[in-house]
Amino acid sequence: MTSRNFLFVLGSSRSGGNTEILVRKAAEQLPPDVGQRWLDLAEHPLPDFEDLRHDSDHLRPEGDDVALLLDATLAATDIVIASPLYWYSVSASTKRYLDHWSGWLRTPGIDFKATLAGRTLWGVTALAHEEQVVADPLVGTLRNSAAYMGMHFGGVLLGNGSKPGDVQKDEEALVRAKTFFAQAAPLATFPYEQG
């Protein structure tokens, strides 16, 4: 893949919420030749992940939301997880999407891990807390997922907001959004690998 194609995975239970506002502000800065695909997990709900690791029946999903998200994930050079901070981590729908990655690792014919290796994972979240350190579990989930997959990790754009639209008052987050996707994304590493 030479041109960049961004997949924006919206994981909020509320349409147009603070996280979505912030990620759309960041996406506005992407060059016009960069592809953008937006998928809202509330509109494309995934079933609970069933761990079939030790079973032999791993079929490629077809014709459903699982297939849609799998194909969109495989086609993306950059995957942006836009999840509000819910109980100090990603939302349930976002976690379910990431859980499905486990099944896709064992789906014949797609070589999911090798396909995603070298691509970039980004995060965007809004939190209703002044201390951004409370988002560390969310950041860790995304960073460690990227490290396991051999992906680059662009970090997490953090914004503050509780009531709808509050994030538009977070001037620092809006400034960071202008250059968020322009920054270099290093290869992700686990915390224990960082000397």
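Me: Which residue in β3 is the bridge partner of V9?
Reply: I81 is the bridge partner of V9 in β3. This is a predicted model.

Me: What makes β1 and β3 a pair of strands?
Reply: Two strands pair if there are at least two bridges between them. Five bridges join β1 to β3, residues 78-82. So the two strands pair. They run parallel.

Me: What makes β1 and β2 a pair?
Reply: At least two bridges are needed. Six bridges join β1 to β2, residues 35-40. Therefore these strands pair as well. They also run parallel. L7 stands opposite R37 in β2.

Me: What is the hand of the crossover from β1 to β2?
Reply: The chain leaves β1, passes through helix α1 (residues 18-27) and reaches β2. This β-α-β crossover is right-handed. Such a path runs clockwise when the strands point away from the viewer.

Me: Why is Q132 called partly exposed?
Reply: Its relative accessibility is 35%. Buried means under 20%, and exposed means over 50%. The value for Q132 falls in between, so Q132 counts as partly exposed.

Me: Where does Q132 lie, and which residues does Q132 touch?
Reply: Q132 lies in the loop between β4 (120-127) and α5 (136-149). Q132 touches L127, L158 and R176, leaving aside residues up to four places away in sequence.

Key:
Residues numbered from 1 in each chain as written. Predicted model: local features only at pLDDT ≥ 70, side-chain atom pairs only at ≥ 80, totals over all residues. Heavy atoms only, no water. Helix = DSSP H or I, 4+ residues; strand = E, 2+ residues; numbered from the N terminus. Buried < 20%, exposed > 50% of the residue type's maximum accessible area, 1.4 Å probe, protein only. Contact = heavy atoms within 4.5 Å.
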